[in-house]
2 protein chains.
Amino acid sequence: MSLKADFLEIQKTKVKEIETIIEEFLPKEEGYQKVIMEAMGYSLLAGGKRLRPMLMKETYLLFSGGEERKEEISALHAFMAAQEMIHTYSLVHDDLPAMDDDDYRRGRKTTHVVYGEDMGILAGDALLNYAFETALKAFAAAPDQSEKIAQALKILGRKAGIYGMIGGQVIDVKETGHAVSKEVLDTIYELKTAALIESSMMIGAVLGGAKEEEIIEVGRIAENVGLAFQIQDDILDVTGTTETLGKPVHSDEKNEKTTYVTLFGIEKAKEIVEDKSRSAVLKLKGLPGDHTYLEQLFRQLIYREK
Amino acid sequence: MSLKADFLEIQKTKVKEIETIIEEFLPKEEGYQKVIMEAMGYSLLAGGKRLRPMLMKETYLLFSGGEERKEEISALHAFMAAQEMIHTYSLVHDDLPAMDDDDYRRGRKTTHVVYGEDMGILAGDALLNYAFETALKAFAAAPDQSEKIAQALKILGRKAGIYGMIGGQVIDVKETGHAVSKEVLDTIYELKTAALIESSMMIGAVLGGAKEEEIIEVGRIAENVGLAFQIQDDILDVTGTTETLGKPVHSDEKNEKTTYVTLFGIEKAKEIVEDKSRSAVLKLKGLPGDHTYLEQLFRQLIYREK
């Protein structure tokens, strides 16, 4: 088996583990909440790369010396599930008719198409609220770690909110249809995409016991990965097909969005992806622990074809 | 001055204090987040009764013996602002075209009418996310109270989510246009309206140092208040005017909603309000501290004409 095939096998196992963790944290009671729980689960269990929880756990392992310390790992699992809920709610609301108006996501109908627009709004709200409820379970899971948990909660909230993902969404919405400078585009990408990658890795570092300056360095690495990931998205929107991506292509053109491809062309955009990727890997080598898997994951994310 | 006039004066002062607290916690930086901050502030600073933060603080004072202990009160203020943000986001999303489709609220245009539907969705998301960011500030404000703060956060999240307010919204949306039994209606009211009143008073109790059984009793009182408040809303929707209420009347009829008035008629509905109100006041007398103000507040809320 080549290294690549090995990596894909390991990744598959890790994705399965993450999906088990997410399912464990999903609300299970039935009765009156059955509809909303179905709608939450519909989007949350629709597959996907599980990138954010995976980055969180892998970063934790760097700082824990590869160990899964009992209480810490329970707290970490709560944050992994919470982060995936935040990511998912943002997709559910982003797909709404008043936003990007997308009918398909990951090859299946979007939440509001299946459950109605009102339930799409409520399912998104429910996922965001439940994300915080889930992360708060870390206190019970690891009573001795409450200082670290409070710090992790703060990062989770800030990077998801107006100083992070939502802030990016707002500029994106406001600027769609307008020509946008590289500076504004970078701000959108930094907030809309990189922020959750950053909080994922930073929370892993915090719970793993990283020092303050290490947490900052982890944030920088994640920023590079996030930006490269988003620019690759721009490239795939032009070069990919609906079949491989599981979502409509040329949506940027349809929505008159400025992207790295419209600003610089495909070749230059690819070079920038390459630069940011190299920078992330280089910085990663300065962190403790075994980086083999994370490095391969970065490369896969950045050079993915879907 | 009559007792009533005294009460109204005191209340006015308290509302002003609360609004100052909320403004302090509102995000202030400008730049790229300016639009979203404006949209958040537009709904959050639109006036209103400030009922939930007021109940939170008054309940705190019962258990603190009327004292405002420095660290505790800072933590409490963060939760007061957070709760009002949660309440406000729920109104913003509830008014959206895909939900109740209301153009007016508290006598002014609703958020999505002023800022567009996409910004209405995002402003609601931003308020919910920022509510948790705000409540989390309690940890820094009162480092010695982290156990109580974690307990308060748990209550805040649960009563706002699928086991509380959002759960109520979901049944409400699903059942609009259908005949609904008293049992289902009670569940909707308990979740949609009473849940946030409960968490407000319970969080006040927790931070004031109430014992476990006192926190439970506070929850029962708040449930009675919340149900009476909602049934009074049903009554006002039939007997009030757009001018006094600052929102359209007869909206329940328009939306084919089952209410206490459609189930029991106005007179019987008024009796039920009276019963629940009496029960709340009676239980309140069993709690420590000076209940004068809270009792008057309950009466005002329940017998309000707007």
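Q: Why does B:Asp275 count as partly exposed?
A: In this predicted model, B:Asp275 has a relative accessibility of 46%. Buried means under 20% relative accessible area and exposed over 50%, with partly exposed in between (1.4 Å probe, protein chains only). The value of 46% therefore places B:Asp275 in the class called partly exposed.

Q: What makes the contact between B:Asp275 and B:Arg278 a salt bridge?
A: Their closest N and O atoms are 3.4 Å apart. A salt bridge requires a side-chain nitrogen of Lys or Arg within 4 Å of a carboxyl oxygen of Asp or Glu, so the pair meets the rule.

Q: Why are B:Asp275 and B:Arg278 separated by about one helical turn?
A: The two residues are three residues apart in helix 14 (residues 266-284) of chain B. Helices are DSSP runs (H or I, at least four residues), numbered from the N terminus.

Q: What does the salt bridge between A:Lys257 and A:Asp172 tie together?
A: The side chains of A:Lys257 and A:Asp172 meet at 3.2 Å, N to O. A:Lys257 lies in the loop between helix 12 (251-254) and helix 13 (260-264) of chain A, and A:Asp172 in helix 8 (residues 165-175) of chain A, so the pair ties together parts that are 85 residues apart in sequence. Both residues are buried.

Q: How many salt bridges does the rule give over all chains?
A: The count is 34. A:Glu19, A:Arg50 and A:Glu84 are linked in a network of salt bridges.

Q: What is the predictor's confidence in chain A?
A: The mean pLDDT of chain A is 93, on a scale from 0 to 100, and 97% of its residues reach 70 or more. The complex receives an ipTM of 0.95 and a pTM of 0.95.

Q: How are the residues and chains labelled, and which atoms are used?
A: Residues are numbered from 1 along each chain as its sequence is written, and chains are lettered from A in the order in which they are written. Side-chain values use heavy atoms, with hydrogens and water left out, and side-chain atom pairs count only at pLDDT 80 or more, while local features need at least 70.
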